[in-house]
Amino acid sequence: VPLKPGRSLMDWIRLTKSGRDMTGLKGRLVEVTEDELAKHNKKEDCWICIRGFVYNVTPYMEYHPGGEDELMKAAGTDGTDLFDQVHRWVNYESMLKECLVGRMAVKPIAAPKEGAYRKIIFFFFPWVSAKDLVSISKHWVGQIQFQLSVVTTQVYDWFQTDSLITIVIYTKQKDMNAEFVILDCEDKRLRGEIIVDDYSYLLEVDLEHAIQEDMAVNIAEKVGKVEIILKKKDNVRWKVLGQPLENHNTFMKRTDRGLFYRKCKLVSKMEVTHNTKLFCLLLPESTHLRVPTGQHVYLKQIIAGTEVVKPYTPVLPFLPLDFKEPSCHDSAHIYLMIKIYSCGLFTQALDHLQIGDYISVSNPEGSFKKSQVQTSEDLFLLAAGTGFTPMVKLLNFALTEVSCLRTVKLIFFNRTEDDILWRNQLEQLALKDERFEVQFILSQPIRDWVGKQGMISSSLLSEFVKRSRKDSKVLICICGPTSFTEQGVQYLKDLGYSQEEVHPFTA
Ligand code: FAD
Ligand code: NAP
């Protein structure tokens, strides 16, 4: 929502550093009962619990980008679920540090739902039949307060040669691939996360001995076996793999894990348009990370002493015309196309980074699944401004790997001609690949513009989004400013497209 002048994130940061007593408790931390929490449920006196910690958000009301009403939905209650649904990535610990009232007196442990048990049991005991699974999981749900963190069944093995340590994880997942394995190692702390749908398995150990930076990951896709190969620094025999860390050998919902960041080096920064740049970040050598098509990462910077986090969607270094993985698109780099806003808190700080500086990059997130496009015959991409970014990898994937696709159409909304991202490349692609078509629509053309002018509307969509055949399988992806995306989704619904046929990209 539009915030009053003087209520930006930077203004909030300044206020929190001003020394003002934000909680009304003069720095004292208290234990808060549920009854006490419930009493603070008004705009002028509002406490909210997030993950067991209680914050007095009264002074934050006017600064909340989602508006006061959104914040009030959690007033006097445990707002963790609501927070996770809307913006789990926001670094509230840092932003609301000065508003901390204390801890909840009793933190109830919610038992995971039955479906979650089934997934967990299946992951750890894949030999259990579906029938037994139902009775076991029912039994467990009823009988046991099952703490995921105490699961001790080992789903990995490890062995060594003189020079190598190999860790083998048996996921039993049929379509396991490199995008589902995220690996980091810093100062002997090895963290391997394996994504299984909405869940993740974590291997987290303080290794017994040092290893070299380059690690390898081998995947037997059909059986879902993942091998992590580490090179020993010294030729010594390891007695154990290492000391297990807090979340070692756990399998839980991805949304229940905190975001994990690693520091990446800025290696280049290139102009795309007058206000948009292509940033190239180099992952550490000891990181294995591939950002899947349609997913985004979070960047974290410390701005005026506060950790600020914003989402960005990796692109390719350029639009490939021959649809083979371009040679410079190696997995060591992440490319981000970012618009620098003249009054933007995060993008201004980003723009001030020098080549060689470091910035924290999270694991990927996002709800888009490649399978959504794999059976499509017509693909429509509706993008506004930097809402173009998820379309880049999507275009590459669709034109390279989806054999049943007949048409791919990008409808790209911008203010002026100068704002169009990668216009040349898009036009070249349209010439080169007859399945691809691009339509630029400008809302505020300044020079003579012979193309289409306007904003997203029902009539415009009915003109441009049409099935190539009466019964074509269609997927429409839409991304841009929130209200652009929301309006687009509504117009498409009104035009008769089903929910499965429309994918909005959101945070
Ligand atoms: P702020 O300080 O938050 O805002 C300052 C001013 O900038 C605002 O008053 C407004 O005029 C303008 N502004 C800021 N944010 C927006 C916005 N979202 N829409 C319109 N105007 C705005 N951006 C990219 O450039 N590239 C990406 O790949 C990208 N991927 C994203 C992926 C997701 C899932 C989401 C939710 C957003 C993505 N964004 C992307 C937007 C990005 O996260 C930030 O919102 C943006 O960079 C502005 O941050 P800021 O702190 O500089 O601006
Ligand atoms: P912009 O330049 O402000 O707008 C691009 C075009 O969209 C302009 O023609 C603009 O028209 C139009 N537009 C803007 N708001 C609109 C609205 N509410 N309804 C209809 N048309 C609208 O865009 P930008 O600054 O690049 O911002 C891109 C947005 O995409 C950001 O909000 C960013 O957060 C979002 N994004 C999201 C993701 C994701 O995955 N969720 C990824 C990347 C970017 P006028 O300005 O002339 O009205």
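1. Helix α10 covers residues 389-401, and at 1.5 Å a residue its 13 residues should span 18 Å, which agrees with the 19 Å between its end C-alpha atoms. The expected span is 1.5 Å times one less than the number of residues, and helices are DSSP runs of H or I with at least four residues, strands being runs of E with at least two, numbered from the N terminus.

2. This is a predicted model, in which local features need pLDDT of at least 70 and side-chain atom pairs count only at pLDDT 80 or more, while totals for chains, interfaces and linings use all residues. Residues are numbered from 1 along each chain as its sequence is written, and side-chain values use heavy atoms, with hydrogens and water left out.

3. Because 11 of its 13 residues are buried, α10 is largely enclosed by the rest of the structure; among the buried residues are M391, K393 and F397. Buried means under 20% relative accessible area, exposed over 50%, and partly exposed in between (1.4 Å probe, protein chains only).

4. The structure holds 23 salt bridges, each a side-chain nitrogen of Lys or Arg within 4 Å of a carboxyl oxygen of Asp or Glu. One of them joins R406 to E377 at 3.4 Å, N to O, and this pair links distant parts of the chain, 29 residues apart, with R406 in the loop between α10 and β24 and E377 in the loop between α9 and β23. R406 is partly exposed, at 23%.

5. E70 and K73 form a salt bridge whose closest N and O atoms are 2.7 Å apart; E70 is partly exposed at 31%, whereas K73 is exposed at 54%.

Technical notes: Chains lettered and ligands numbered in written order.
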